[in-house]
Amino acid sequence: NLASKKFDDYSGKIEFDIKPNEDTLLYLSVNRGTKGGGFNVPSFPPFDPDRMVFDQEVLINYEGGYKLSLAGDKITFNGSGFHYDYRQYQAFSLEGFPQSITNHPAEVNGVEIELAARPIEALRLNAFATHLFTARVEDVTLVSGRVVDRDMPQAPEWSGGGSVSYEVPVGFGSMALSTHWKYDSAQYFSTFNAPVDRERKRWVGDVRVGFTPTQGNWEAAFFINNVTDKHYRVYDLDLGAVLGLANSVYAPPRWYGGTLTYHFGK
């Protein structure tokens, strides 16, 4: 019966923590989550009843890591390794005009580290790095009919970045200067991994200057986002097989702005 479909499953988490001392936490966890299934409603023929229903997605995350507090709590250093086991991963497919969600086995394996430091009261430093050894979707059917394994969409092999913020007293208040940067290596926008779907590596950064008075509940700030005016895409729809073009959505270019915030009841 294609008019209705029932999905029954469960989500939950089990974690084991060990604290060999007050500054160290070691952990192992298993986390299970789900994403509901649904219906494909194709806009163009052919209409295949067997592909109208797609199953729910189940993700089991196996993770282990540590959390360290150093230098009298002025530095925190965290790290983890993880294995994402996808059951019925939901992948978007476009075969000519017909669009559909299909289910596939998939897995991700990676490590992540994060460092936060406050060497002096006014200065905060943060940095992180993520590396994916594997990010794979299996049994993807290409337009040609060939079945292959492909890189998972929007899963760059390397990601990293950091931020710096510094607060200084100025007149009758304080000024906070901050900047945030993020790096992503090359990635694809679809499971087909077509060349037009590949986005190049990039660094993107923002800067912000904020002022908060000693007395009062307001804050004024000025910001510049995408400081280097980096041109990069956040989405792409490959229509090359039917129209000979790709529909791309780009991130905003460099832009400036300001905010004035008032906190009620602060």
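A: A salt bridge is a side-chain nitrogen of Lys or Arg within 4 Å of a carboxyl oxygen of Asp or Glu. The model is predicted, so that local features need pLDDT of at least 70 and side-chain atom pairs count only at pLDDT 80 or more, while totals for chains, interfaces and linings use all residues. Residues are numbered from 1 along each chain as its sequence is written, and side-chain values use heavy atoms, with hydrogens and water left out.

Q: What makes the contact of E138 with R136 a salt bridge?
A: The closest N and O atoms of E138 and R136 are 3.8 Å apart. The rule asks for a separation within 4 Å, and the pair of E138 and R136 is therefore a salt bridge. By this rule the count comes to twelve salt bridges.

Q: Why are E138 and R136 called partly exposed?
A: Buried means under 20% relative accessible area, exposed means over 50%, and partly exposed lies in between (1.4 Å probe, protein chains only). E138 has 25% relative accessibility and R136 has 27%, so both values fall in the intermediate class.

Q: Which class does D184 belong to, and which does K182?
A: D184 has 9% relative accessibility and counts as buried, because that value is under 20%. K182, with a relative accessible area of 37%, is partly exposed. The side chains of D184 and K182 meet in a salt bridge with an N to O distance of 2.6 Å.

Q: How do you know that E219 and R208 form a salt bridge, and what parts does the pair tie together?
A: The N to O distance between the side chains of E219 and R208 is 3.4 Å, which meets the requirement of being within 4 Å. E219 lies in strand β15 (residues 218–225) and R208 in strand β14 (residues 202–213), so the pair ties together parts that are eleven residues apart in sequence. Strands (E, at least two residues) and helices (H or I, at least four) are DSSP runs, numbered from the N terminus. R208 is partly exposed, at 32% relative accessibility. Elsewhere, salt bridges that share partners join E107, R136 and E138 into one network.

Q: What makes I120 a member of a surface patch?
A: Patches are made of residues with over 30% relative accessible area and no salt bridge; like charges are joined within 9 Å, and nonpolar side chains (Val, Leu, Ile, Met, Phe, Trp, Tyr) within 5 Å. I120 has a relative accessible area of 45%, so it passes the area cut-off of over 30%. I120, Y166, L177, V209, F222 and Y256 form the nonpolar patch, with about 560 Å² of accessible area together. Such areas come from the Shrake-Rupley method with a 1.4 Å probe, and for residues only the protein chains shown count as cover. I120 is placed in the loop between β7 (99–117) and β8 (123–141).

Q: What is remarked on in the phi of Q88 and of N226?
A: Most residues other than glycine have a negative phi. Q88 is not a glycine, yet its phi is positive, at about 65 degrees. N226, also a residue other than glycine, has a positive phi near 55 degrees. Q88 lies in strand β6 (residues 75–94) and is partly exposed at 35% relative accessible area. N226 lies in the loop between β15 and β16 (233–239) and is buried, with a relative accessible area of 3%.

Q: Which classes of residue make up the lining of the second largest pocket?
A: The lining has nine nonpolar, three polar and six charged residues. Ala, Val, Leu, Ile, Met, Phe, Trp, Tyr, Cys and Pro count as nonpolar, Asp, Glu, Lys and Arg as charged, and the others, Gly among them, as polar. In the second largest pocket, the largest share of the lining, five residues, comes from β8.

Q: Why is G36 called partly exposed?
A: The relative accessible area of G36 is 46%, so G36 falls between the limits of 20% and 50%. G36 lies in the loop between β2 (24–35) and β3 (38–39). The C-alpha atoms of G36 and V58 are separated by 8.7 Å, with the two residues 22 apart along the chain.
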